[in-house]
Amino acid sequence: MSVQSDQVSWTEHPKVLAVDDEQVVCESIRRVLTPEGYDVATTTSAREGLEMVRRESFDLLLLDIKMPQVGGIEFLREVRSVSPETEVIIVTGYATIETAVEAIKLGAFDYLEKPVSPPQLIVAAARALERKQLVDLTRRLRSELESRHRIGNVICSSPRMRQVMQLVAKVAPASSTVLISGETGTGKDVIARAIHYNSPRRDEPFVVADCASLTESLLESELFGHVRGAFTGAVRDRKGLAETARGGTLFLDEIATISPQVQGALLRLIQEHEIRPVGSDKTVGVDVRVIAASNRDLQELVRQGSFREDLFYRLSVFTIKLPPLRERAEEIPLLAHHFVQRLSRELGRTIDYITPQAMAILEAHDWPGNVRELENVIERAVLLAEKGRIGPEAIPLEGDDAERWDYVPDDAQALADYKRELRAEAVERLERLFLIKALRAAAWNVSEAARNTGMARPNFHALMRKHGITRGDGATEADDGGDAGTA
């Protein structure tokens, strides 16, 4: 038998310990919870109860607040010290506001006043164990983040992500120029940092130049420096970012935006390892590694004549392409928990877990803004979260659908067309949720997921392609090639 609530299903019998000095209460708890699938142990002795907690692990403790030998509050403190992962529900006939507050402060999940009806006890136990499972899941995900799914600051749980980190490991020890491509928000800067901090240059500067944020004249001066009198306001010589990064790495973000003049100066830096400050007639030698990133197709810009072909070939000595988040949806839970952990600390909030309903919303979203968008959504959710949990109400993605109602059709034909459009969107979201659920249950093994759902593998695979879910577990995704992404 399994114990179930609306959100959690236990495949093993949860272990419950009831400690109450009244034998009739202990037997009543056993009689109510055992048919629900719980393994219930009882004792009327507080001292014996403490010994039982020290000897074995319990998922849930039902504790009377007033007992001889050891008081309930003292008992609760001891349990929190010995077995902090055990959920505790106080059950007592001596309820006061003061004891309830103290018990909750010490970590009790709930506080029930006798007499407790069977339905009330069943619901309270299920809710406590639901919270325990979610907290355990969060702890397990955090552990995975610190072990096999993380290299430096890069989360890499998907096969494609592991491939990218293999590329990082290969190119990091060299001084080769690297070109990182991918949509906005996929984490190109994180991969650039991973390359730098796993290279022999790790103890030297990592300098970022945001090429898109500066005009041509300012960018050239920012990158290569200037001499006094080079332009109005140049009252003294100034080193550029290339010199600041000497011995380390210069990361050029959104390099597709730089002008032909700056492209020529950059080519000199890469080929000759030298620069010419604005307004100077002398060159300066610079030992620096260049890593560039772009969210645009540089080859297409070369064909259009807006990007130098020789610079493109110099930049693309080693290329890494990052896929969008929607194509590596199995990383969303790890990324979400990573952001919850970091942002909770930064914002001074205590968040224990993300509810399954909230996680389903995150997994169903297409994430046009990729990892950066997910981080922003989680930051807002951390601020809105109540009672140490992030639920659907804290996820602002529901607004995506709410905005649809800003438009109201004017006639019958428009109404029919709009209904078809809404119906198609609902079906697409449902199909995507179906795929993600099936793939997660099968550890992202496509063949197993297809079997489990009763679909032919080609049909299941076609549905994955339709929704841009192209990666599997490597063994069953025969066409799963290419580079991976980063968080």
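## Talking through the model

Author: Let me start with F206, which has a relative accessible area of 13% and is therefore buried, since buried means under 20%. Please keep in mind throughout that this is a predicted model.

Reader: Okay, and how many aromatic pairs are there?

Author: The count comes to four aromatic pairs. In one of these, Y197 and F206 are the partners, with 6.3 Å from centre to centre and 35 degrees between the planes, and the pair is tilted.

Reader: Is Y197 buried, partly exposed or exposed?

Author: Y197 has a relative accessible area of 45%, so this residue is partly exposed, whereas F206 is buried at 13%. The two also belong to one aromatic cluster, which is formed by Y197, F206 and F251.

Reader: What sits over the ring of F58?

Author: That is the charged end of K15, which lies 5.3 Å from the centre of the F58 ring.

Reader: Let's zoom out. How many helices and strands does the protein have?

Author: The protein has 19 helices and 18 strands. It is made of 487 residues, and buried residues account for 48% of them. If you take the contacts with a separation of 6 or more, 70% of them are between residues 24 or more positions apart.

Reader: Now helix 8. Which of its residues are buried?

Author: In helix 8, which covers residues 216-224, the buried ones are L219, E220, S221, L223 and F224. An α-helix has 3.6 residues a turn, so residues three or four places apart point the same way.

Reader: And what covers the buried residues of helix 8?

Author: The cover includes strand 11 (206-210), helix 9 (241-244), strand 12 (249-253), helix 10 (260-272) and strand 13 (274-275).

Reader: At what angle do helix 8 and helix 10 cross?

Author: They cross at roughly 15 degrees, and their axes come within 10 Å of each other. Helix 8 is therefore roughly parallel to helix 10, and the crossing is left-handed. Where they meet, helix 8 contributes E216, L219, E220, L223 and F224, while helix 10 contributes Q261, V262, A265, L266 and L269.

Reader: Which residues other than glycine have a positive phi, for example?

Author: Most residues other than glycine have a negative phi, and most peptide bonds are trans. E254 has a positive phi near 55 degrees and lies in the loop between strand 12 and helix 10. H273 also has a positive phi, near 55 degrees, and is found in the loop between helix 10 and strand 13. E254 is buried at 14% relative accessible area, while H273 is partly exposed at 43%.

Reader: And which peptide bond is cis?

Author: The bond from K114 to P115 is cis, with omega near -5 degrees. You can find P115 in the loop between strand 7 (110-113) and helix 5 (118-146).

Reader: Last one: where is T350, and is T350 buried or exposed?

Author: T350 sits in the loop between helix 13 (332-347) and strand 17 (353-354), and with 63% relative accessibility T350 counts as exposed. The C-alpha atom of T350 is 5.8 Å from that of G388, although the two residues are 38 residues apart along the chain.

Key: Residues numbered from 1 in each chain as written. Predicted model: local features only at pLDDT ≥ 70, side-chain atom pairs only at ≥ 80, totals over all residues. Heavy atoms only, no water. Phe/Tyr/Trp six-rings, centres within 6.5 Å; stacked < 30°, edge-to-face > 60°. Buried < 20%, exposed > 50% of the residue type's maximum accessible area, 1.4 Å probe, protein only. Lys NZ or Arg CZ within 6 Å of the ring centre and 35° of its normal. Helix = DSSP H or I, 4+ residues; strand = E, 2+ residues; numbered from the N terminus. Contact = heavy atoms within 4.5 Å. Axes fitted to C-alpha atoms, helices over the stretch in contact; angles between N-to-C directions. Parallel < 35°, antiparallel > 145°, perpendicular 65-115°, else oblique. Left-handed = near helix turned anticlockwise from the far one by under 90°.
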